[in-house]
Amino acid sequence: MSTATLEKPAAATARDTILSLNNIEVIYDHVVLVLKGVSLTVPRQGIVAILGANGAGKTTTLKAISNLLKAERGEVTKGSIVFDGERVDKLSPNELVRRGCIQVMEGRHCFGHLSIEENLLTGAFTRRDGNAAIKRDLEKIYTLFPRLKQRRTSQAGYTSGGEQQMCAIGRAMMSNPKMILLDEPSMGLAPQIVEEIFEIVRQLNADEGVSFLVAEQNTNMALRYATYGYIMETGRVVMDGDAKMLRENEDVKEFYLGVAEGDKKSFREVKSYKRRKRWLS
Amino acid sequence: MSDIATRPAPNLLASPLVKFGLLLAAIVVALAAGIWLDSSNTLYAIFVDPFRQMAQAPDLLVQTIWEGLVSGVLYALIALGFVLIFKASGVFNFAQGIMVVFAALTLVGLYEKGVPAFLAVIITLGVMFALAVAIERVVLRPLVNQPDIILFMATFGITYFLIGFGEALFGGNPKQMIADQLYLPKGAIDLQILGGLVSLQKIDIAAAVIASLMIAALAAFFQYTRIGRALRAVADSHKAALSVGISLNQIWVIVWFTAGIVALITGIMWGARSDVSFALEIVALKALPVLILGGFTSIPGAIVGGLIIGIGEKLGEFYWGPLVGGGIESWLAYFIALGFLLFRPQGLFGDKIIERI
């Protein structure tokens with residue numbers, strides 16, 4: 001396959017698509033094939049969810065986009081990634097953040113020994129628009145997350161999980177992004193806090209026009225806030241559709257939402273979603 | 001309340017303070033008994049006599065402590081270079097000692113070639129910057145994500161490269177530091193205190209002042225600037241730093257350059273007290289016990305550790321050295337470090353690892 005054919009559809013829809021992955025393949029350590037041809041698109045100012053169980057490849061997909069894979073000896077070996085009309089698969093995370101695509105990693109990863117405010121300020125590392133603008137954005141983050149303002153001087157390592165997640169999202173917002181890759185925001189948090197976090201995601205999406213690609217195991221919560229969803233299994237996208245459609249799909253209900261109608265189904269009766277063909281270009 | 005009876009009695013020994021107090025009391029009692037029973041006077045010579053000497057000649061004590069303080073400041077400076085690099089890249093930089101020698105040699109060598117002293121300082125800074133860039137490009141970047149031990153071995157490589165390179169350029173002979181040309185003070189101040197004469201070398205005073213200024217400047221840089229914040233962020237978590245768009249390559253150059261500046265200042269100060277030669281590298285190894293004492297990740301730790309080792313070994317040499325025929329200055333520091341490794345491996349100020357899930 002030639003790159004020309006791959007870039008064509010992306011260029012045609014560049015105006016309303018902020019991110020598109022075309023059939024990417026990721027190999028760790030030169031031997032472990034983790035993503036076996038994943039394609040997805042995120043519309044501008046959309047919230048898209050990647051769903052799936054442990055080990056399905058959600059995190060790897062996000063890291064392939066933000067190019068944090070290299071730090072873990074992973075590599076995109078096939079396919080292309082287009083962000084905002086530009087091929088980005090060879091860019092470093094630093095260059096990608098400058099172009100407005102930033103990842104909030106699974107497990108928050110705040111700087112434990114820095115205060116909350118210092119954490120937020122590190123998010124502005126790549127910005128060149130001066131201290132006044134950064135100060136203004138810091139205040140904006142504090143109005144979005146009043147809890148962070150209360151704890152601005154405490155060491156991030158000693159704050160609660162919810163506060164750390166807010167700190168991580170706030171830190172990402174400080175880079176003035178067009179798009180945030182949000183990995184497992186609900187991990188280890190109380191349901192109430194998860195709801196609060198997702199509300200903030202929706203608010204950022206509506207008010208600031210930030211696009212979100214969210215990887216989640218909490219299918220129920222993610223499908224309530226996302227507009228579109230992709231379901232992954234063992235390195236492939238096996239199903240995708242509008243959030244509403246996915247919520248009402250019998251198999252999704254059975255396996256991801258945990259609500260079954262009628263008798264318990266056995267695995268064998270469920271149709272298999274091997275749809276790799278469609279994504280091969 | 002009924003549960004009081006069922007509650008287990010508080011275990012007094014669990015408190016480290018109580019344990020330490022009991023231990024101390026036991027030692028004192030044992031010593032008192034020992035000295036009373038002591039026939040050959042060994043215990044007296046170890047535990048009583050040195051303190052009697054100190055009390056009898058306080059001016060000598062002050063002089064010894066001052067000497068220790070000065071060498072302590074210089075140890076602290078070398079340790080500071082180690083800490084900077086260890087924090088930002090997780091690499092124990094074995095080459096820090098040779099970087100001190102190399103910086104000093106370059107400075108003196110340039111001066112001998114006819115470059116004015118202050119211009120030579122500036123050019124040397126440029127050389128240290130070029131060195132930082134070269135190390136990042138040639139050594140660190142290809143080895144990124146390799147185990148720490150491999151990077152550690154790579155710094156051995158840097159060490160031997162710098163030794164060879166330095167000797168090829170400037171020759172292996174000891175050189176005189178250009179202290180006068182840099183307007184470093186000479187001579188001594190004699191103070192009349194405690195019924196005796198204490199003589200303070202002016203160069204030592206200058207070293208202490210300059211070291212303190214530099215440490216203060218570094219602390220401010222780390223605390224209040226954008227780059228400083230990024231440096232601390234990198235030290236905290238490489239991955240998270242990458243994810244917010246901090247470029248590790250850029251940070252590493254900055255850190256190695258900062259360590260190079262520290263090395264140059266250390267080289268000037270140490271060179272002015274003795275001379276500039278490759279033997280300085282051995283002295284730089286003293287930074288190891290300093291780091292074990294102070295903790296590998298702490299700048300205040302490097303300073304306090306340096307002072308404790310410096311003063312400790314001078315006092316040990318002067319008051320306890322004669323008991324074993326002298327010369328304990330060269331190993332006492334390692335001995336103290338061994339004690340620390342046994343009881344407090346993270347050092348006095350080492351990072352407590354914050355763990356919560």
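A residue is called buried if 20 or more other C-beta atoms lie within 10 Å of its own, exposed if 12 or fewer do, and partly exposed in between, with C-beta atoms placed from the backbone. The structure shown is a predicted model, in which local features need pLDDT of at least 70 and side-chain atom pairs count only at pLDDT 80 or more, while totals for chains, interfaces and linings use all residues. Residues are numbered from 1 along each chain as its sequence is written, and chains are lettered from A and ligands numbered from 1 in the order in which they are written.

**View 1. Overall fold of chain B.** Chain B contains 16 helices and 2 strands; helices (H or I, at least four residues) and strands (E, at least two) are DSSP runs numbered from the N terminus. The C-alpha trace of chain B spans about 70 × 65 × 35 Å along its principal axes. Of the 357 residues in chain B, 37% are buried. Among contacts in chain B with a separation of 6 or more, 73% join residues 24 or more positions apart; two residues are in contact if their C-beta atoms, placed from the backbone, lie within 7 Å.

**View 2. Confidence along chain B.** The mean pLDDT (the predictor's confidence in each residue, from 0 to 100) of chain B is 83, and 93% of its residues reach 70 or more. In chain B, confidence is highest in helix α7 (residues 117–140), at a mean of 93, and lowest in helix α1 (residues 3–6), at 50. For the complex, the predictor gives an ipTM of 0.83 and a pTM of 0.79.

**View 3. The largest nonpolar core around Ala79(B).** A nonpolar core is a set of buried Ala, Val, Leu, Ile, Met, Phe, Trp, Tyr and Cys residues joined through C-beta atoms within 7 Å. The largest one has 167 residues, of which Ala76(B) and Ala79(B) touch the most other members. Helix α12 (residues 248–273) of chain B supplies the largest share of this core, 17 residues. Not counting residues up to four places away in sequence, Ala79(B) touches Ala287(B), Val290(B), Leu291(B), Gly294(B), Ala302(B), Gly305(B) and Gly306(B).

**View 4. Leu213(B) on helix α9.** Leu213(B) lies in helix α9 (residues 202–224) of chain B. Leu213(B) counts as exposed because it has 11 C-beta neighbours inside 10 Å. The C-alpha atoms of Leu213(B) and Gly114(B) are separated by 30 Å, and these residues are 99 residues apart along the chain.
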